[in-house]
Every structure is written in structure tokens, then in C-alpha cells.
Amino acid sequence: MIDSEMITAPYGEQSCLRVKHQTGLNIDIMEMPDYHSAYALFGTKYGSVNTRFKLKGEKDFAEVPEGIAHFLEHKLFENEDCDAFERYAKTGAIANAYTSFDRTAYLFMCSENFKPSLEILLDFVQHPYFTQETVAKEQGIIAQEILMNQDEPNWKLFFNSLKGMYYHHPVRIDIAGTVESIAKIDADLLYRCYRTFYNLHNMTLAIAGNVKAEEVLEICDKLLIPCENQGLEEVFPEEPETIKCSEMEAIAPVGMPLFSLDFKLKPKKTGSELLKAEMLAELAMQTLFCSSSKWYQEMLEQKLINFEFGVDMPFAGSGHFSVGLGGESRKPREVREKIFAVLEDAKRNGFDKQAFDRLKKARYGGMIRSMNSVESNASMLFDSYMSGVKPFESVSILAELHYEDALQFLRDEISLDNAVLSIVHA
Amino acid sequence: MKEITKQLCEGVQLTAIAEPKFKTNSIAIVMLMPAEPENYAKWSLAHSILLNSCEKYPSVTEMSKKMQELYGSHINGSVSVSGDVFQMNFTVSAIADSYALNGEKLCQEMTAFLLECLLHPLLNSDSNAFTEQAFQTELQELLDMIASEINDKRAYASKRLKEIAFAGEIASHTCYGTREEVLALTPEIVYQAYLEFLEKAQILIYYVGSENVSELENLFQNAFQPRKLQNLCFYSPSACKSEPVIVRESMKVNQCQLLLALKSNQNISFELFRMTSLILGGTPFSLLFSNVREKLSLCYYCSSKDIRSKNSIIISSGVSAENLEKTQQAILEQLELLQKGEFDDNLLTNAKRYIINALRLTGDTPSSCVAEVLERFIREDHASVEERIALFEQITKQDIIATANTLQLDSVYMLEQEENA
């Protein structure tokens, strides 16, 4: 261990130990001795948007096929002798993994055999094994996952919206890639991506539950393989502040038409700035459009929306940031006009301060509530590191937010010219 | 967790689960009635109206405001059918009083709020029907939901398989009725159906948290009148068809859905039935996952789930059109291997570890505490988690083989690609 810090939540009597391990890995541990279970995530800052990169000393930037981070996640479960699921089967742990736009996580949950399960996690993620044969086998499985997603109308709605918002940013491409792009993946490419992004300096281990920090660190000391920080460099294409297309439409077998209205926002420089902006965006939009608003009730009465309507959590990452709302409607364009009218009025005349304060209080309640769960605590630790903020920082930031901040945010950051309406209908 | 059950009056009981580690208080009210599919639309619509309005908070907006004032408290609910029993659930939770910033008594307030919704609904001026406005909003909501069934292809295919596998039985119906049944309703019909439900249903109340239970008990004590105990049948086995029924339908989809229903002709214990399904396709090391997905690369998912109340196991997979038959054959081959006992002994050992691990997770969330106690009620079995683990431990390979040999293919449903899709 090089450095360690105990971080305590402003409310909720919870704390976590953050350790900078000598191998370069960040480790966050929250002991929850009253619980039976433990939840662990081991992951890297590598997702579908990381398509152009090189290491210090390498001459050229590599450009890799779409969907390769997700493909790598699938393949890492397999080593020469058996796959990780077979190993977990011997401990009883429930294991899984996921790849998002900017991160990949390998995780398990267990009520017993925590130590051997953690050993499996740390071991298989650090020992890749790819061959042409196993890559070919996975192409069939992932092709089916891609087709499954294409039949998901909400998936289509979401990616069409991203395609409408962004000209070049790789967030506009599907996390799993396409059947054609994954056909270009081979073992050598997977090894190159692995060597680049699965460096412990680019990774984190987050654990919450019935564990002891010293036991976790003992296992880490034994199994983490020291590596040098190789100086990862990435390039993201220049992205205009404007949107590419204000309406995106798709046809699919759906009973009720689906829609989303997303506002492209300016990306933020630091994790803390982004976290604050996300909370302001969410609170401002909720104050105006959530189920306690006058607007919502009117839209229900006019049958323009139904209970599926909601304000989405802001969506942000490296070089992209948006906030949106959506649901089901037979007249999505009319709903858009009604939303625009409310936003224009709020920008000019302000909005309901009481409602803002009530929603802030509800958000505080949500944070306390999430501390109940081993899984959400471990995920909070993981996401905090990935987003460049400290654990529990959201609680402190929330406490300092005021109505005036939300109004200013609305006036300065949310532009009707940057809204994309995405519709999926039969 | 420490649990105390008290009979409040005939047909109404309160179970308090004391768990100081949670930072929340949670209440669940479960109402049980013998399933009557002709009443599902009424009951389901009434349930939605109760969740979104009441006399004191007469609109969604007012309800939401109240929940936000209670620090983002949530009132939720669901309707479902288990065996031949219709279940109406209402839940509410809020952060523990000690976290309230201004000393509010949140637990009491949220309980009173929930009871307000259940016992003082928003009615018309004659007090004999729900208001037209609340009724119309929820009616449209339910119609939209029925129309949206096809949005989720996997769920839609599962619904279609159940209609085919359990044709003529209660389990073939969705728990919210059909579009035609919903359209035939009026605010009065729905309210009267709810009054009858409220009067007759067996009521189970659960509390999870660390507040003083006697204060809550007072709130519940006079809320519900005594009622006769209902004859609730949670186990309703389905007879296997003499020949498997195969239904093919088509839609504009990219991926086909393949679902199979297997049925057992015997009354198998819950533990043995669950274990057989886990070995066949219920884990990432099961026969279906290891072979149909991993070895043959035919699909992204191929899994099985038991419906013990119907003596049935449902297998589902998403596959390409050209692999539909091949996948079905591969699934049935794995069933045959299970029946012949041609599987590694470790598979049983590992499945035991998997289920034991999952059982011991019970108690780490308020919802799992309630689910555990409710499941015991449904199974009419008072075995603790550790006693159930012992039952799983006793299962032998021969038991699995014998159970697998009672399984027969009953129905197959294929959602295929429409031509020119």
C-alpha cells in the first residue's frame, strides 16, 4: 500500500477505506459487518467510446473495430483450462460483467467463500487468453446479443437519439458494435486493447459488505501483478456543440409509440464539476416535468403522455453530456412543443422554488436509501472512482445546491436548439 | 433478523421483522384472493387507481408531492397470480426517522399515507364509484400497457407460451385482463369489485425496520375488519398434453424467440424441482448455458426457470431463424442427457453451492426479508433458511435423474421473422 484514506459519509454513519496500492490499483473498501453478503467489482476505464488510442512511445494511434471493449469483456471470462464461471461455481458466488460507454466491470456477489471468490476475480481479469478459435466462437454469441438489442425499441430510441445529438463522438455507436464490426476482431487486436487498458493504473477494485479491509488487502498483495503506468493517450474527435439532427424516427413493432427528447449539453472538465452539473440538470428538469408538476398533470389529462413518462438521469462521460425525458405518446411532436413552452417560460420567469426544495429533499432520501444495500454501495464506490469523484461526494454537493443554481443552469446550459426528438413507432 | 407475527383479527396478520441495520422502514400489504380471471381487469384497475389518488391527495401530482415531502418515499404495488391465487401488493418505504432532517415521524406518516390510499379512495359525489377522471386515466394506462405487450419480445413470447401451455387453466390469463374486458368496465363496477375484494381478501402485513412496532400496530389494528379465511390454492399442477403443441407466429423482428414448456406428471418437492431446473439451465454453468450457448454458439441466452406451482419448467432462448430447429434439438438433447444421468457429478455440487449462496443473501434487503416470510406462507412451510438449505443438501444425483425423467415436452412457441422483415 502506498497511501490510504478513510472517507466518511456526511450522513449515514458509513465510511470507506480508499487505498492506492503499490501496483497502481485504486482500491475502495466499505465494511458492512451487519450484512451477510459482499459485492465486488474489478474494472477498467475502458468502454465502447475508447476507439482511438496509443501508449507512450508507440508511434501511431490504433483504431479498433466498434464493439471491441464489450467483446473483450466476454472473452476475458475464458482462460486456457476453463472459464471463470466454472471457477465461481466452486464458491457459489453469483458472477457477471458489463461494458458501458466508458467502463468495463467484472463483479460477483456472495454470502460465503468471499476470499476464494475475490481470488478468482483478481486472477482471471489479469490473465487473458485469446485464440482465433475462441474468438470465432464468441462472434456467434455476440451477434445474437446484438440482434436481441436491435429488437429492443428503447435501445433503438436511445441510440437514435445519440446519433441525432452527436456528429462524430463515438458515444453514437452501439456498445456491442455491429455484426459486421465484430467480424473484424481477432486475437491480436484483443491483446493490444487488453495491454493498453487493463493496466492496474487505469483500474479500480470496489468492495462493500461483510468483509475485512485487511483481508482484502492481503489478497491484493498476493495476487495483483505490478505493472508500469504506460502513459495511455487517447484521441476523441472534435465534436461541435450543436446537434446533428433534431428528429430521429424509427419503425418497429411496438404497441404504443415511444419517444425521448434529449438536450445536448456542454461536457464538463472535472468529475466534481460534472457531478454538480448532472444534479442541477436532473433537479431542474424534474421540478418542471416530474409527476408532481402541474405540467405532468395537464399532459395526463390531455392524454398526451401516460405514466411511462419520466425525466431520465443525465447521461455523461468523456466528452459528452445530455439530459432528457421521454415515455410513450401518440403525439410526441405536440409533447415536445409543450415541453419547449415550459422551458422558455422557466428561463424567463423562473420556476417553483418549493418544488425544487422538495425534490432536493427527496434526492437526499434516495441517497440514504441507497446506503441500505451492499450492491449499491459497491457500485457507488466503483462509479465514483470511474467518474473522478470521491465516495459520498454527491451527498456534499447536493447539500450545497440552491434554487438559484438550478435556474442559472437552465438559462445557461439548456438550449432548445440542441434538443433531439427520437421516436419509435409501428 | 427477528420476526414476530401477530393476528390482528381473523384473516389479517402483521409480521414485524426487526432489522436495525437498515436505514429505511418498509411496509408491505399483501391481499390474497382465489383467482377469478373474469375479475382480473376490475381488480387490476382498482389497484392502479388506489396507487395514484386518494381522498386526501386527489391526483398523481398531489400524491407525488406528498411522497417527496416524505424524503422521496415510494408507494408501489403489483398484481400477480401465484398458482390459483390472485395477489394484490402495496408497498411503502421511507428513510428511518433518525435520518429525517427536521425530526419528522416518517414511519408513522408513511403508514398513515398507505392506509389513506387503501381505505379512503377518491370517490364520486355519491360515494359509490371511483371518480370518472381517475378511472379514465387508469383505464387508458391499462389499455396502453396491453397495447405495449409486444414491445418486449421476450416477455411477449413468454406470455404466448403460457397461453398455449396452460390453455383452459387460470395460469393462461394475464393478471390484468384483456382489452375487451377492460373496455367493458365502469367506475362503479371497479369500485364495487374493490370493496368486495377488500372485504374478503386474506391480508398479510409486513414491516421491516427498527421503529417501535406497537405504534404501527395501533394504526393497523382497526384498519381492516375480520374476514373468513379464504381457501387459497397456491399449487395447481398442469397436466402434460399427450402430444406437444407447436405454435409458430411471425413478427418484424431481427431475432427469433424459441420457448419450450416442460411439465412433470408428479408432485415434486420445491427443492428438488428448483435444483433440477438449475442444473438444466438456471446457472451460468448449467447444461444449457455450457452447451447450447458456449459450445454451439447458437444464442446469447438459453435458460430455464421453474414454475413449481404448475409443475412446469420454461426454457427460453433468442436465436437466428436458420438455427431455430437446431437449437430446439440441442435443448432437448441436454434434457435427454439429464434424464440419462450423463452429466458431471460436480454440476450438482456446484448447483447446491449456488442456491445456498443465494439463500444466505436473504435478509440483506428489506424486500428479501418480506419475500422470504411470504414464501413460507405460500409454501405452508415454516422451514427456516438453514432448514431449507439442509433439504437442498440432501438431494442426490439419482433424485435429479428421477425428476428429469418425469419431465415431458408440453408446448413449443416460436416467434419467427416475418418475411421481408
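Predicted model: local features only at pLDDT ≥ 70, side-chain atom pairs only at ≥ 80, totals over all residues.
User: What is the phi of B:E380?
Analyst: Most residues other than glycine have a negative phi. B:E380 is not a glycine, yet its phi is positive. The value is near 50 degrees.

User: Is B:E380 buried or exposed?
Analyst: Count the other C-beta atoms, placed from the backbone, within 10 Å: 20 or more means buried, 12 or fewer exposed, and in between partly exposed. B:E380 has 9, so the residue is exposed.

User: What is the phi of B:S127?
Analyst: B:S127 sits in the loop between α3 (106-119) and α4 of chain B. The residue is exposed, because 8 other C-beta atoms lie within 10 Å. It is not a glycine, but its phi is positive, at about 55 degrees.

User: At what angle do the axes of helix α9 and helix α15 of chain B cross?
Analyst: Helix α9 spans residues 270-282 and helix α15 spans 397-404. Their axes come within 10 Å. Axes are lines fitted to C-alpha atoms, for helices over the stretch in contact, and angles run from 0 to 180 degrees between N-to-C directions. The crossing is roughly 85 degrees.

User: Which residues of α15(B) make the contact with α9(B)?
Analyst: Contact requires C-beta atoms, placed from the backbone, within 7 Å. From α9(B) come B:L272, B:F273, B:M275, B:T276 and B:I279. From α15(B) come B:D399, B:I400, B:T403 and B:A404.

User: How far apart are the C-alpha centres of domain 1 and domain 2 of chain A?
Analyst: The bounds, from an automatic or database assignment, are 3-234 for domain 1 and 247-425 for domain 2 of chain A. The centres of the two lie apart by 28 Å.

User: Which element supplies the largest share of the side of domain 1 of chain A that touches domain 2 of chain A?
Analyst: Domain 1 of chain A puts 42 residues into the contact, and domain 2 of chain A puts in 33. Elements supplying at least two residues of the domain 1 side include β3 (26-31), β8 (104-110) and α5 (153-165) of chain A. The largest share, nine residues, comes from α5(A).

User: Which element gives the most to the side of chain B that touches chain A?
Analyst: Here 50 residues of chain B contact 57 residues of chain A. Elements giving two or more residues to the chain B side are α2 (60-69), α4 (132-147), β10 (312-319) and α12 (345-360) of chain B. The most, seven residues, comes from α12(B).

Technical notes:
Residues numbered from 1 in each chain as written. Chains lettered and ligands numbered in written order. Helix = DSSP H or I, 4+ residues; strand = E, 2+ residues; numbered from the N terminus. Contact = placed C-beta atoms within 7 Å.
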